[in-house]
Amino acid sequence: MSLVNLTEEDVARLLTYRDLVPLMERALSELSSGDAIQPVRQMLPVEPERRYLGMMPAVTSQAMGAKLVCFYPANAGSEYPTHLASILLFDPQTGQPLAVMDGRLITEMRTAATSAAVSRRLASPESSRLALIGSGVQAEAHLQALREIFPIDEVRVWSRTQANAHAFADKHGAQAMALQQAVEGADIVVVATNSTTPVVQGAWLKAGAHVNSVGSPRPTWRELDDAVMANALVVDSREAAMTEAGDVILSGAEILAEAGELFAGRVRIDPGQTTVFKSVGVAVEDLAAARHVYDAYLNQ
């Protein structure tokens with residue numbers, strides 16, 4: 001069988017949040033149970049604070065392969081995305097190369113789908129007020145993914161660049177707000193920035209709110225203050241979070257559970273608690289999504 005080459009357009013046609021959310025639950029359950037092999041991502045600083053190359057291999061029961069991801073914060077505001085990636089997929093039984101595919105959209109969608117899966121376990125089912133801190137691709141992806149699960153009827157957005165927040169608001173029927181105003185009273189808060197210092201304060205969170213933090217994925221960067229991190233904390237991978245997530249490392253926060261432990265029912269968090277999901281993104285998520293795209297391509 002020849003190697004399949006799948007473009008971002010192919011991925012967009014074959015991948016949906018409805019499929020991705022349960023896929024992320026299974027992938028992270030497998031990781032937390034020890035049934036997947038996944039080293040911590042290796043990041044090569046091409047230009048510190050501005051350009052990085054990440055290498056993310058993993059082996060699961062269904063897929064084997066690696067993602068190469070360029071994390072280029074320096075691209076912000078240019079014609080190029082801040083994240084660009086390619087995924088190479090192998091058959092884990094035979095070692096046969098199956099596909100090479102664009103990984104940018106997979107990275108975008110699996111990040112939001114994982115947040116949505118965790119939010120379904122931790123946020124109130126009646127959550128209707130969503131605050132988006134950051135107005136880039138992750139804000140849009142999280143809005144789409146969370147609307148699959150929650151009755152979102154009020155969307156607030158903040159960006160350091162006010163024009164970007166207003167453009168996002170106009171496109172999605174949201175309200176551009178000041179930072180504190182956007183967070184206060186929100187049921188779910190999504191923080192997706194490349195900030196090196198905290199932008200969201202725990203004092204602004206309403207009791208019982210849920211925070212998905214998916215930005216600032218470097219050990220010295222932060223987007224949440226210590227008061228946010230003092231709440232019930234879930235991560236995608238303890239090992240990865242303690243290596244890459246400045247919010248976890250610098251706050252000294254106690255990790256209550258991995259997402260996979262929640263999905264498998266091995267850890268339970270009392271309803272009504274204020275909760276935080278700190279996500280750095282892990283390779284098993286990419287490979288689960290890539291295998292689904294490959295199988296959907298063959299079955300079309």
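In the hairpin of β5 and β6, six residues lie between the strands, and G95 takes a positive phi near 80°. Helices (H or I, at least four residues) and strands (E, at least two) are DSSP runs, numbered from the N terminus. This is a predicted model: local features need pLDDT of at least 70, side-chain atom pairs count only at pLDDT 80 or more, and totals for chains, interfaces and linings use all residues. Residues are numbered from 1 along each chain as its sequence is written, and side-chain values use heavy atoms, with hydrogens and water left out.

**The six-stranded sheet**

- Six strands form an open sheet in the order β1-β6-β5-β4-β3-β2, and the pairing is mixed. Two strands pair if DSSP finds at least two bridges between them.
- β1 (4-6) and β2 (42-47) stand at the edges. Each has a single partner strand, so one side of each is left without a neighbour in the sheet.
- The twist averages 15° from one strand to the next.
- β5 and β6 run antiparallel and are joined by five bridges. Here I87 stands opposite M101 in β6.
- M101 is also the bridge partner of L6. β1 and β6 pair in the parallel sense, over three bridges.
- β2 and β3 run antiparallel, joined by five bridges. E47 stands opposite R51 in β3.

- α3 lies across β3, β4, β5 (83-90) and β6 (97-102). α3 runs at about 95° to β5. Axes are lines fitted to C-alpha atoms, for helices over the stretch in contact, and angles run from 0 to 180 degrees between N-to-C directions.
- α11 lies across β1, β3, β4, β5 and β6. α11 runs at about 65° to β5.

**The eight-stranded sheet**

- An open sheet of eight strands has the order β9-β8-β7-β10-β11-β14-β12-β13. The pairing is parallel.
- At the edges stand β9 (175-176) and β13 (257-258). Each has a single partner strand, so one side of each has no neighbour in the sheet.
- Strand β11 (residues 210-213) pairs with strand β14 (residues 275-278) in the parallel sense, over four bridges. S213 has K278 in β14 as its bridge partner.
- α3 packs on this sheet too, touching β11, β12 (232-235) and β14. The direction of α3 makes about 160° with that of β11.

**Helix pairs**

- Two packed helices are described by the angle between their axes and the distance between the axes.
- α3 and helix α11 (residues 283-299) pack at an angle of about 115°, with their axes 10 Å apart. That makes α3 roughly perpendicular to α11. Angles under 35 degrees count as roughly parallel, over 145 as roughly antiparallel, 65 to 115 as roughly perpendicular and the rest as oblique.
- I106, T107, R110 and T114 of α3 make the contact with E285, D286, A289, A290 and V293 of α11. Contact means heavy atoms within 4.5 Å.
- Helix α4 (residues 137-147) and helix α5 (residues 162-172) pack at about 30°, with axes 12 Å apart. That makes α4 roughly parallel to α5.
- On α4, the contact is made by A139, E140, L143 and R147. On α5, it is made by F168, K171 and H172.

**R104 in α3**

- R104 lies in helix α3 (residues 104-122).
- R104 is buried, with a relative accessible area of 15%. Buried means under 20% relative accessible area, exposed over 50%, partly exposed in between (1.4 Å probe, protein chains only).
- Leaving aside neighbours within four places in sequence, R104 is in contact with E8, P81, H83, L84, A85 and V137.
- R104 and C70 are 34 residues apart along the chain, and their C-alpha atoms are separated by 9.4 Å.

**Aromatic pairs**

- A search of the whole structure finds two aromatic pairs. Rings of Phe, Tyr and Trp (its six-membered ring) pair if their centres lie within 6.5 Å; planes under 30 degrees apart count as stacked, over 60 as edge-to-face and the rest as tilted.
- Y52 and F71 form a stacked pair, 5.9 Å centre to centre with 20° between the planes.
- Y52 lies in strand β3 (residues 51-59) and F71 in strand β4 (residues 64-71), so the pair ties together parts that are 19 residues apart in sequence.
- Both Y52 and F71 are buried.
- Ring pairs link Y52, F71 and W221 into a cluster.
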